[in-house]
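Dear colleague,

Here is the structure I said I would pass on. My notes follow below it.

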Amino acid sequence: MKKFLLALLIVFATATFAVADTIYLRDGRQVRGTLLGFINGQFVMRVETQLSTSPSTTTTRRRDDIQYFRPEEVERVEIDGRPMEDTRYVTRNVQVTLDSNWIDSGVFVRSGQRVQVSATGVITVGRMRLTPDGLQRTDPSAPLPNANEGKLIGAIGNDASSPIIELGSRREFTADRNGRLFLTANRGSFADARGAFEVQIQRERGGNFREADDLDRSGGIRSRNRFPGGPGRGPGRSERDIEVPGNSRGVDAGIDVRSGDQITFTATGTIVAGQRAGTVGPEGGRSTGFGSIIGTRPVPTAGVGALIGYLRMLDGQNSQPFFIGNSLTWTAPADGRLYLLVNDDNYNDNSGAFRVHITVNR
């Protein structure tokens, strides 16, 4: 039994020794210990043992101090038994869904560090399938309006003014600032999205070769850029101007709202709401004809041709339409995408357009 325990201890000690960090010097020496980093142009190691391969030296010297080695002295370096090249990058895998907020990758990058991103997988929106390279078309309401719709994109930090990086299925870039890496798909609407991109992130290590994958730095939340031209106007407030044609059954305002957001509408202009109603403003005209009798218009109590709106909610269903008119301050009852239209049951003979200024406060 004693012999067995002794053998087990020898095996354990050998295994522990084998995975120590080792610097192989050009003069034949091997220095083992804990590699602390690359500081001021030198490898820094807490030395535990120093071995000599010289035939005249047969003893192993035990040491416990800090030593510095210039690169020209070093032939190669192993960390935990692996070549240093294999430990050059911190690697993390993350699933990126199309949600109301950007996905925090958990990877903290520093300015000047190189980052490699590769991605696979599919996000399905309705009948549309998005890959990390996106579609061969653009989405004006997406965070990057001129990039492929649905393409994998990233940003460093939760500051809305930080640049957005096109990533796609494969990209290497150099970080221009410190912060957590956030990821999302380049699409304005996140309603009815299913599936995820499988993303692998490799971040170059700093001078500390034992740097953890997650540096335990708070990433916070980065909200999706819901408003082209909105960043820089201050957190919690965004504005947008859109046009609502009189013959439209629903104009995508390009705005994803959250429950509790306060939205202010100001509308001007006129439309022709058919031959009977004629020219009307955002308040609408007097209800006439068959639609006024049986209430077939989206908002039966509002005038014909009036400006109205609704939300397309996350489950794909539309909310109850609401009256806007010339001006309205409205609190969103749910998360969803905002649509505007005119209150009519026959759009074929309509013309003109309303101009609507929208302000969102969070």
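Asp 21 belongs to strand E1, which covers residues 21-25. The model is a predicted one. Asp 21 has 0% relative accessibility, so it counts as buried. Its side chain comes to 2.8 Å from the backbone nitrogen of Leu 35.

Leu 36 is part of strand E2, residues 30-39. Its relative accessibility is 31%, so Leu 36 counts as partly exposed. Together with Ile 66 and Tyr 68, Leu 36 makes a nonpolar surface patch of about 270 Å².

Next, an open sheet. Its four strands follow the order E17-E24-E21-E22, with antiparallel pairing. At the edges are strand E17 (251-257) and strand E22 (322-323), each of which pairs on one side only. Strand E21 (residues 307-313) and strand E24 (residues 336-342) run antiparallel and are joined by seven bridges. Across these strands, Tyr 310 stands opposite Tyr 339 in E24.

On to the aromatic residues. In general, a pair of rings is described by the distance of the centres and the angle of the planes. Searching the whole structure gives three aromatic pairs. One of them is Phe 265 with Phe 322: the ring centres are 6.2 Å apart and the planes stand at 50°, so this pair is tilted. Phe 265 sits in strand E18 (residues 262-268) and Phe 322 in strand E22, so the contact ties together parts that are 57 residues apart in sequence. Phe 265 counts as buried because its relative accessibility is 0%. Phe 322, at 10%, also counts as buried, since the limit for that class is under 20% relative accessible area.

Tyr 310 and Tyr 339 form an aromatic pair too, and this one is stacked, with 5.4 Å from centre to centre and 5° between the planes. Tyr 310 lies in strand E21 and Tyr 339 in strand E24, so the pair links parts that are 29 residues apart in sequence. Both Tyr 310 and Tyr 339 are buried.

Regards

Key. Residues numbered from 1 in each chain as written. Predicted model: local features only at pLDDT ≥ 70, side-chain atom pairs only at ≥ 80, totals over all residues. Heavy atoms only, no water. Patch = residues over 30% accessible without salt bridge, like charges linked within 9 Å, V, L, I, M, F, W, Y side chains within 5 Å. Areas by Shrake-Rupley, 256 points an atom, 1.4 Å probe, with all protein chains shown as cover. Salt bridge = Lys/Arg side-chain N within 4 Å of Asp/Glu carboxyl O. Helix = DSSP H or I, 4+ residues; strand = E, 2+ residues; numbered from the N terminus. Buried < 20%, exposed > 50% of the residue type's maximum accessible area, 1.4 Å probe, protein only. Polar contact = N/O pair within 3.5 Å; in protein donor to acceptor, adjacent residues only side chain to side chain. Pairing = 2+ DSSP bridges. Phe/Tyr/Trp six-rings, centres within 6.5 Å; stacked < 30°, edge-to-face > 60°.
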